Amino acid sequence: MAIPIVYNIRSVRARWTSTIVAVLGIAGTVGVFIAMLSLARGFQATLVASGSPDNALIVRAGATSEMTSGVPLDSVKIIQDAPGIARGANGPMVTPEAVLMAPIPLLSTGTEANVELRGVSPNVLEIRKQVKIVQGRMFKAGLAEVVVGKNATNTYSGLTLGQTIALGTVRWQVVGIFDAGGSSFDSEVWGDSHLLSAAYSRPDNSFQSVTVHLTSPEALGQLKDSVTTDPRLNVDVIREIDYYAKQSTSLTTLITRLGGFVAMIMAIGAVFGALNTMYSAVADRGREIATMRALGFGGPSVVFSFLIEALLISFVGGVLGCLAVLRLNGLTTSTINFQTFSNLAFAFKITPDLLVMGVVFALAMGVFGGIFPAIRAASLPVATALREL
Amino acid sequence: MIRVDGQGNGKSLIQVRGLSKTYRRGGEEIQVLQRLNLDVDKGDFVGFMGPSGSGKTTLLNLLGGLDVPTQGSITVDGDEITHMSGSKLTKWRARHVGFIFQMYNLIPVLTAYQNVELPLLLTKLSGSERRKHVETALSVVGLTDRMNHYPRQLSGGQEQRVTIARAIVSDPTFLLCDEPTGDLDRKSADEIMALIEELVAKHGKTVLMVTHDPVVAARAHTTLHLEKGVLVEASKVEQGVVAGGVA
Ligand SMILES: Nc1ncnc2c1ncn2[C@@H]1O[C@H](COP(=O)(O)OP(=O)(O)O)[C@@H](O)[C@H]1O
Ligand SMILES: [Mg+2]
């Protein structure tokens with residue numbers, strides 16, 4: 001049997017002051033690691049929530065985002081009659097959209113940031129079913145009215161219910177606030193697409209994209225076959241949820257890479273902290289170790305015991321890091337959406353698997369910080385160590 | 001029968017032949033033991049005396065397999081330990097040697113019970129068998145009522161008794177005591193010596209003990225002096241056969 005683990009637990013407890021640096025180093029590293037990953041997760045979740053599986057987005061063939069796309073009115077008219085598109089009381093469930101950017105001062109700093117303005121069809125709420133008006137009402141077609149996403153209303157000045165705001169050449173009244181379920185639409189302002197285009201002197205016969213509601217998620221293939229083979233059209237069809245998932249990858253990759261890099265640098269520091277703690281533990285307990293060896297515990301037992309001790313310390317650090325970072329869960333932050341350069345609000349999303357990853361990361365740091373001191377402990381010459389006072 | 005002339009009949013429990021130990025410090029060589037011979041039978045109680053620095057601890061470390069000699073051989077119960085590999089020697093120590101140190105060397109974060117149990121964790125004994133052995137050992141040293149105390153909660157004499165319990169709990173072939181009373185007052189020292197004598201007389205233990213103290217040494221069956229790297233019988237020192245005094 002090995003050296004009992006109670007020996008390590010009590011030793012760590014007895015030497016907690018010298019352990020605290022290692023614990024905090026690991027806790028901090030794990031905290032940053034999880035925070036970064038949860039930020040990436042939150043960002044991805046926000047964008048993915050914007051899409052729905054039974055909607056399809058139609059953009060110009062080859063366009064990688066709405067911003068680089070253009071769909072002329074003639075095409076919209078052909079698309080409206082394509083198979084697979086659901087029909088409501090007001091005809092086909094299609095919203096041709098114009099996407100614009102407007103600089104509006106932030107409430108927090110007063111500096112201007114880009115808000116995404118989306119010219120939509122008045123029946124857009126039938127198509128994007130996750131979007132709900134929570135205050136006021138929907139804008140009326142043909143009137144200078146806008147509805148504002150719940151993050152936008154909280155982030156920018158002049159976007160609260162009842163206020164008016166100049167966008168382009170027109171003054172608009174905010175008539176409603178909508179909740180888009182935590183998706184990127186929550187950071188947008190929506191109005192009548194014809195009026196918005198006119199206010200910014202954009203041609204009224206061209207849109208950035210067309211979002212359609214499918215009769216069922218399976219109807220995508222049918223729609224795709226029809227519009228991509230039509231010689232009059234030059235468009236791509238993509239399921240809305242896939243479009244937003246793709247939009248999120250570049251930033252999530254960036255955050256993950258950057259987070260990984262920062263966590264790596266911090267991990268090196270934390271491993272040195274753990275090494276320092278463990279080396280001093282070994283140095284201070286030379287005579288205890290030699291006594292164990294004299295009693296007949298082998299070198300591998302000593303290595304194992306000190307490794308366990310390092311893992312114990314790193315586990316505590318990992319759990320502490322998790323607990324600290326849990327307070328961030330749901331906290332909202334914002335970033336520039338790199339596809340549109342508009343400001344996009346999203347929240348940290350900490351999931352159990354991230355916490356598990358954090359603890360595993362902590363244990364890995366424990367192994368690196370513990371293995372060399374543990375080997376040193378096992379290779380102390382017994383007779384010499386026993387002579388030490 | 002204890003001999004220091006290397007002329008034993010080969011049946012002794014411990015046989016030391018031509019044992020030398022040289023330390024190297026800087027460029028300097030320190031020859032501590034020089035072709036030392038010793039024969040100890042089962043049940044013997046030997047005391048080693050000698051001035052500080054004469055090599056008493058070095059000799060015990062070699063006998064206990066904690067260090068390796070520069071030359072010579074040590075055979076215990078038929079096993080030559082001087083050629084054993086590190087891990088084999090470790091196993092041999094666990095099985096055959098009980099150590100009692102001047103500084104007790106108890107593990108401070110473990111209770112008396114847990115300290116005494118340590119050597120048994122290296123055996124195949126079950127938890128309940130271990131409990132029985134630990135309780136027996138603690139009752140031999142008279143500390144059953146202190147088994148849940150930590151070393152810092154015990155007096156020096158009590159700590160040393162826990163060390164003795166730890167040394168005898170696995171019933172080793174012999175006990176090595178390095179100045180077991182060196183840190184104790186006279187009364188505690190007497191109690192510890194009475195205990196060690198009892199281990200020899202009642203339990204048939206073989207004990208090799210280093211001490212500074214002639215009163216303590218007088219308890220042993222035979223006292224040997226370490227002089228110039230070899231052992232000499234006390235009587236011969238007194239008769240002036242060997243020059244040089246005793247510390
Ligand atoms: N590891 C070592 N390296 C160098 N010299 C040592 C070492 N261990 C002991 N010595 C020297 O060996 C001699 C004998 O030491 P020791 O066996 O401790 O004597 P004693 O126990 O009789 O006081 C001393 O001179 C001591 O300094
Ligand atoms: Mg000594």
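1. Let's start with a term: helices (H or I, at least four residues) and strands (E, at least two) are DSSP runs, numbered from the N terminus. With that in hand, have a look at D171(B), which sits in the loop between α5 (156–168) and β7 (174–178) of chain B. D171(B) has a positive phi of about 50° although it is not a glycine. Its relative accessible area is 47%, so D171(B) is partly exposed; buried means under 20% relative accessible area, exposed over 50%, and partly exposed in between (1.4 Å probe, protein chains only).

2. Before going on, some housekeeping. This is a predicted model, in which local features need pLDDT of at least 70 and side-chain atom pairs count only at pLDDT 80 or more, while totals for chains, interfaces and linings use all residues. Residues are numbered from 1 along each chain as its sequence is written, chains are lettered from A and ligands numbered from 1 in the order in which they are written, and side-chain values use heavy atoms, with hydrogens and water left out.

3. Chain B has another residue to look up: K228(B), in the loop between β9 (222–227) and β10 (230–233). K228(B) is not a glycine, yet its phi is positive, about 50°. With 71% relative accessibility, K228(B) counts as exposed.

4. Now for ligand 1. Which residues surround ligand 1? Chain A supplies R387(A), and chain B supplies Y23(B), R25(B), V32(B), P51(B), S52(B), G53(B), S54(B), G55(B), K56(B), T57(B) and T58(B). A residue is near a molecule or strand if one of its heavy atoms lies within 4 Å of it. Because residues from chains A and B surround ligand 1, the site is shared between chains.

5. What is the shell made of? Three of its residues are nonpolar, six polar and three charged. Here Ala, Val, Leu, Ile, Met, Phe, Trp, Tyr, Cys and Pro count as nonpolar, Asp, Glu, Lys and Arg as charged, and the others, Gly among them, as polar. In chain B, β1 (14–25) and α1 (56–63) each supply at least two residues of the shell around ligand 1. The most comes from α1(B), with three residues.

6. Zoom in on the atoms. A polar contact is a pair of N or O atoms within 3.5 Å; within protein, one must be able to donate a hydrogen and the other to accept it, and residues adjacent in sequence count only if both atoms are side-chain atoms. An N or O atom in the side chain of R387(A) is 2.4 Å from an oxygen atom of ligand 1. For G53(B), a backbone N or O atom lies 2.7 Å from an oxygen atom of ligand 1, and for S54(B) a polar backbone atom is 3.3 Å from an oxygen atom of ligand 1. Taken alone, ligand 1 exposes 560 Å², and the protein buries 76% of that. Accessible areas come from the Shrake-Rupley method with a 1.4 Å probe; for residues, only the protein chains shown count as cover.

7. Over to salt bridges, each a side-chain nitrogen of Lys or Arg within 4 Å of a carboxyl oxygen of Asp or Glu. In chain A, E116(A) pairs with R118(A), the closest N and O atoms being 3.3 Å apart. E116(A) is buried, at 5% relative accessible area, and R118(A) counts as buried at 1%. Both belong to a network of salt bridges that also links E66(A), E97(A), R128(A), E188(A) and E240(A).

8. Chain B has salt bridges too. The side chains of D67(B) and K21(B) meet in one (3.5 Å, N to O). D67(B) lies in the loop between α1 and β4 (71–76) and K21(B) in strand β1, so the pair ties together parts that are 46 residues apart in sequence. K21(B) is buried, with a relative accessible area of 9%.

9. Last stop, helix α9 (residues 286–295) of chain A. Is α9(A) mostly covered or mostly uncovered? Mostly covered: nine of its ten residues are buried, among them I289(A), M292(A) and L295(A). After α9(A) comes G296(A), whose phi is positive, near 115°.
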